[in-house]
Amino acid sequence: MNHEKIGIKQLFLLMLAFEIGTAIIFSIGTEAKQDSWLAVLVGMVYGLILISVFTMLSEYYPGNSLIQIIQITFGRFIGYPLCIAYIIYFISQAARISRDFAELILSTILVETPGLIIMASFVAVIIYTLRGGVEVFGRMAEMVFPVVLLLWIITWIIIYASGVVDLKQLTPVLGTGIKAVWKTSFPNLTSLPFGELIVFTMVWPMLNDSKKAKTVGRAAVLTGGVLLTINMLGVLSVLGPYLIDRINVPLLVTVRMVSMADFLERIDAVVILIMVAGGFFKVGVYIYGAAIGTAHLFQLQSYHSVLIPLGVIIISLGQVMVRNVTEHNSVGSIFDMSFVHLPLQLVIPSLLLIIAFLNSRENLIGTNLKKTETRGES
C-alpha cells in the first residue's frame, strides 16, 4: 500500500474541520435549554478523555490503523466481524452526513433539485479529491478551513453588531440543574461530535511525526469545544432556549434575523458555505476511514480501488436509510446512540487499550525475568 504522509498542521485543521464542521450548523445539547453551552463544555472534557484513549491505543500499536489493531488483538474469529462493523459504521456516518447536507441544500437554495443529484455531486467531488491521496486532502483542509473559520468569525461580528443579541436569554445559569447538563453532555455531546474522532485512528499512521498525535488530538478537541461553546452562546442569545430546541438549523435562522441599515441582511450563503466545507471534510474522512479499513482487512495493494464502490454505497444508503428529517433525527439520537456510537466509540477502544496495557505489562515482566535468569547463569 502507498505510504502517504500528512503534516501536523494539516492533521489539526482536518480534525478541527471534522469536529465542528456540521456541529456548528445544527442544534446540539439543546435539551439543557439555556445551559446548552455548559453541556458542550462538559462534553468537551469527556472528549479529551476519549481522544486520550484513542491516541494511547495508537501509541501501543505504532503505524497500525484501528482495523489492524483489532486484528492483532482479537485474531480472525472475533476481529474480522468487528472490523466489518467499524467499516459499516464509517460508511453509514458518511451517508447520514451526506443526507444532512442534501436536506439543507434542498430546503434553502436548490429547492427543486432532486436530492439524489445533490448527494451524488457532493460525494463525487470528495472521492475525486481522495483519489489524489490523503496528502491532497490534508492540504485542502490547510487552505480552505482557515477561510471558513474567518467567515464564521466575521458572521458573528455582524450578528452582534446588528443588535439582535440578548444576553438575558442565557439566564438563569444552571436553571435546568446540574443533572440536566450531565445527561445532555453524556452520552449525546460526548459521542457527537467528540467521539466521532475514532475515525482518525485510521489517519494517524499517516502522520509525519506519529508521536505528536496525542498533542494534536487534544488541541483539536479543546479548540473545537471552545468554538462550539462560543457558537452555542451566540445562538442562544439570539433565539432563546425554547425556540432553539424546535429548529434543526439554528445558525441559519440566526443569520436570517440580521439586518444592518437595510443593506446587510440575508447572509444565508455564508452558513451554506460553512456547511458545505464542514460536510466535505467530515464525509471525506469517513470515506477515507472506510476505504483504508477495507484495504487493510482484505489486504489490498491500494485503497483507491474501493473509493468509487464506497461512493455508490454511500449515495444509495443516504437515499433509503430514512424517509424524512424527523425519522432521520430520531434514529440518530436514540438507536444509534445506544447501539452504535457508545459501543464503537467507547467500549471497544477502552477494551482494546486495557488488553494492550496488560500485554505490554506481561512482556515487560517476561523481559525482566529473562534478564534476571541471564545474570544468575553468568
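In this predicted model, Asn-231 touches Ile-24, Trp-152, Trp-156 and Leu-251, leaving aside residues up to four places away in sequence. Asn-231 belongs to helix α7. The residue is buried, since its relative accessible area of 4% falls under 20%.

Helix α7, which spans residues 213-239, packs against helix α2, which spans residues 36-60, with axes that come within 9 Å and cross at roughly 165°. The two helices are therefore roughly antiparallel to each other, the angle being over 145 degrees. The residues of this contact comprise 15 nonpolar, 7 polar and 3 charged. The crossing of α2 past α7 is right-handed.

A further helix pair is formed by α4 (residues 115-130) and α11 (residues 307-320), whose axes come within 10 Å and cross at roughly 155°. This angle makes α4 roughly antiparallel to α11. On the α4 side, the contact is made by Gly-115, Leu-116, Met-119, Ala-120, Val-123, Ile-127 and Leu-130. On the α11 side, Leu-307, Ile-308, Gly-311, Ile-314, Ile-315, Gly-318 and Gln-319 take part. By class, the residues of the contact between α4 and α11 are 10 nonpolar, 4 polar and no charged. Helix α4 passes α11 in a right-handed crossing.

| Helix pair | Axes come within | Crossing angle |
|---|---|---|
| α2 (residues 36-60) and α7 (residues 213-239) | 9 Å | roughly 165° |
| α4 (residues 115-130) and α11 (residues 307-320) | 10 Å | roughly 155° |

Technical notes: Residues numbered from 1 in each chain as written. Predicted model: local features only at pLDDT ≥ 70, side-chain atom pairs only at ≥ 80, totals over all residues. Heavy atoms only, no water. Axes fitted to C-alpha atoms, helices over the stretch in contact; angles between N-to-C directions. Helix = DSSP H or I, 4+ residues; strand = E, 2+ residues; numbered from the N terminus. Parallel < 35°, antiparallel > 145°, perpendicular 65-115°, else oblique. Left-handed = near helix turned anticlockwise from the far one by under 90°. Nonpolar A, V, L, I, M, F, W, Y, C, P; charged D, E, K, R; others polar. Buried < 20%, exposed > 50% of the residue type's maximum accessible area, 1.4 Å probe, protein only. Contact = heavy atoms within 4.5 Å.
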